[in-house]
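Subject: Structure handover and findings

Hello,

Here is the structure we talked about handing over. Please open it alongside this email.

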Amino acid sequence: MGRVQAFLFVVSVAIAVLLSPVTADDERCDLSRSLRREIQQYQPVVDQIFERIVSGEFAGKTWESLLDFTDSFGPRLTGSKQLEDAIDFAVKEMINDGLENVHTEDALVPHWERGREWAQLVEPFRKNLPMLGLGRAVGTPPEGIMAEVIAVESFEEFESFSAEQVQGKIVVFAPAWVGYGPTGRYRYESASVAAKKGAIGVLVRSMTPFSIGTPHTGTLRYDPNVRRIPAAAITVEDAMLLLRKFRRGDRMVVHLKMDAVNLEPTISRNTIGELQGTAFQNTSVVVLSGHMDSWDVGTGASDDAGGVFVSWKAVTFLKAMGLRPKRTIRAIGWTAEEQGLEGVSVYERQHAADEKEEFNVFFESDSGTFEPTGLDFSGNHEARCIFAEIAKLMRGFTEFTYTNGTVGSDIGNWVSRGFPGVSLRNQNENYFWYHHSEGDTIELEDPKALDKSTALWAATAYVIADLSIDLPKDPAPYSPSAL
């Protein structure tokens with residue numbers, strides 16, 4: 001599938017997949033007694049990692065670093081100087097932290113700029129409509145567009161309108177929230193669905209279950225065979241108002257102005273730092289990751305600077321404790337995740353020739369770093385059983401779950417090809433209240449929760465990286481078409 005289709009698949013499966021508990025006592029698991037004993041012997045070092053990160057000398061350090069980072073660089077949109085300055089900063093700080101093989105790897109990425117934008121209901125009364133243009137959307141003419149509105153709740157409802165009825169209109173899609181995967185289709189697809197019938201613009205209900213008048217942005221997808229039209233997210237409240245009024249038969253006119261522009265692709269970088277292994281350095285690597293880029297609203301603390309910092313600081317603290325495992329643990333800050341997984345796609349191609357030998361397990365934190373409750377795991381049956389035994393070492397965490405789907409967006413292609421994958425399970429019920437909005441700031445992050453997340457990440461990665469065996473994997477042959 002294409003890159004954007006792969007991105008949509010990863011997101012929808014990650015949100016929609018049903019997770020089921022797994023324990024090492026599952027009757028289907030048949031670990032050898034010697035392997036069980038080996039894993040159990042890590043209990044003292046796991047306890048030490050938690051104690052020193054959660055209540056010892058490293059307590060609060062992840063939050064302090066995250067605060068400094070988000071306050072210093074703010075939002076980090078792909079193609080912006082702020083993102084590249086943040087990457088430069090991360091490289092210097094990783095070196096200062098004592099990480100090894102610190103470097104960046106170039107990736108050609110999209111460069112979209114929002115520019116000035118606004119929307120206003122001008123008939124039957126005047127009302128400003130808070131809005132955020134959707135990523136990679138085209139802009140309007142300099143004077144904007146002013147047109148009558150059609151409002152619908154679903155694609156099925158929209159099908160009842162003829163091309164003649166839609167021609168020259170701005171279409172409002174106000175779908176009910178049933179989850180990020182299924183509802184997210186409206187953000188990705190609405191512009192092309194409406195343009196096929198002659199619409200000149202689209203406004204979409206923000207992808208959130210709760211709103212206090214806050215719009216939420218995100219990337220759209222244009223059908224290459226359909227004319228591109230401007231598209232923006234509006235608040236839940238305004239989308240529902242327009243839907244109600246349209247269904248009452250009110251004639252409405254909206255004026256939409258967007259200066260959005262898609263510029264030539266630019267070079268960004270994936271950011272890498274390591275704790276190199278004692279026995280294996282460039283093979284059987286354990287990857288801990290999050291993405292460095294964010295949207296151009298808020299400061300991207302939750303999506304996904306928090307994920308970057310629990311990954312980065314987990315490696316930093318292991319190094320500071322003198323805990324060097326057999327295998328290399330590699331922290332990666334991906335670039336251009338928000339623009340369609342572009343940074344990781346380039347990285348996969350760069351490492352394709354040796355990936356089967358180079359990589360062991362992929363960790364990704366990209367669904368919030370709130371109070372952690374456990375981990376989600378994806379892998380084959382044998383890997384699942386080993387991971388479940390490792391999970392027993394994590395005292396106080398009970399939600400260790402297994403899925404045969406994916407456990408992350410950036411690592412999704414590796415996981416779908418059979419590599420084991422791990423994601424952070426946390427109390428993120430309100431994650432989409434702030435997602436891709438001005439509300440995604442450091443105020444969402446709790447120092448203690450970050451400490452626990454970092455400790456859980458560090459302890460699990462250390463045990464996996466130090467075991468006498470790799471976690472089993474059965475990857476399919478690398479295929480660029482999977483990207």
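The notes below go through a histidine, a helix pair, the aromatic rings and some backbone exceptions. Please keep in mind that this is a predicted model.

Histidine 216

Histidine 216 sits in the loop that runs between β8 (201–205) and β9 (231–234). Its relative accessibility is 2%, so histidine 216 counts as buried. A polar atom of its side chain lies 2.6 Å from the backbone oxygen of histidine 435. Leaving aside residues up to four places away in sequence, histidine 216 touches Leu132, Ser206, Met207, Thr208 and Ala233, and also Phe432, Trp433, Tyr434, His435, His436 and Ser437.

Aromatic rings

Some residues in that contact list come back here. A pair of aromatic rings is described by the distance of the centres and the angle of the planes. The count for this model comes to 30 aromatic pairs. One of them is stacked: tyrosine 180 with phenylalanine 432, at 4.7 Å centre to centre and 20 degrees between the planes. Because tyrosine 180 belongs to helix α8 (residues 180–195) and phenylalanine 432 to helix α15 (residues 431–434), this pair ties together parts that are 252 residues apart in sequence. Both partners are buried: tyrosine 180 has a relative accessible area of 7%, and phenylalanine 432 is at 14% relative accessibility.

Tryptophan 433 and tyrosine 434 form a tilted pair, with 6.4 Å centre to centre and 45 degrees between the planes. Tryptophan 433 is partly exposed, with a relative accessible area of 28%; tyrosine 434 is also partly exposed, with a relative accessible area of 28%.

Elsewhere, ring pairs link Trp334, Tyr347, Phe359, Phe362, Trp414 and Phe419 into a cluster.

Helices α4 and α16

Two packed helices are described by the angle between their axes and the distance between the axes. For helix α4 (residues 61–73) and helix α16 (residues 447–466), the packing angle is about 110 degrees and the axes are 7 Å apart. Since angles of 65 to 115 degrees count as roughly perpendicular, α4 is roughly perpendicular to α16. On the α4 side the contact is made by Lys61, Thr62, Trp63 and Leu66, which meet Pro447, Leu450, Asp451 and Thr454 in α16. By type, the residues of this contact divide into 4 nonpolar, 2 polar and 2 charged.

Backbone exceptions

Most residues other than glycine have a negative phi, and most peptide bonds are trans. Which places depart from this? The peptide bond from glutamate 123 to proline 124 is cis, with omega near 10 degrees. Proline 124 is in the loop between β3 (117–123) and β4 (127–128). A cis bond also joins aspartate 303 to aspartate 304, again with omega near 10 degrees, and aspartate 304 lies in helix α10 (residues 301–320).

As for phi, arginine 136 has a positive value of about 70 degrees although it is not a glycine. Arginine 136 is placed in the loop between β5 (131–133) and β6 (145–152) and is partly exposed, with a relative accessible area of 25%. Serine 284, likewise a residue other than glycine, has a positive phi near 60 degrees. Serine 284 lies in the loop between β11 (261–275) and β12 (285–291), and at 5% relative accessibility serine 284 counts as buried.

Regards

Key: Residues numbered from 1 in each chain as written. Predicted model: local features only at pLDDT ≥ 70, side-chain atom pairs only at ≥ 80, totals over all residues. Heavy atoms only, no water. Helix = DSSP H or I, 4+ residues; strand = E, 2+ residues; numbered from the N terminus. Buried < 20%, exposed > 50% of the residue type's maximum accessible area, 1.4 Å probe, protein only. Polar contact = N/O pair within 3.5 Å; in protein donor to acceptor, adjacent residues only side chain to side chain. Contact = heavy atoms within 4.5 Å. Axes fitted to C-alpha atoms, helices over the stretch in contact; angles between N-to-C directions. Parallel < 35°, antiparallel > 145°, perpendicular 65-115°, else oblique. Nonpolar A, V, L, I, M, F, W, Y, C, P; charged D, E, K, R; others polar. Phe/Tyr/Trp six-rings, centres within 6.5 Å; stacked < 30°, edge-to-face > 60°.
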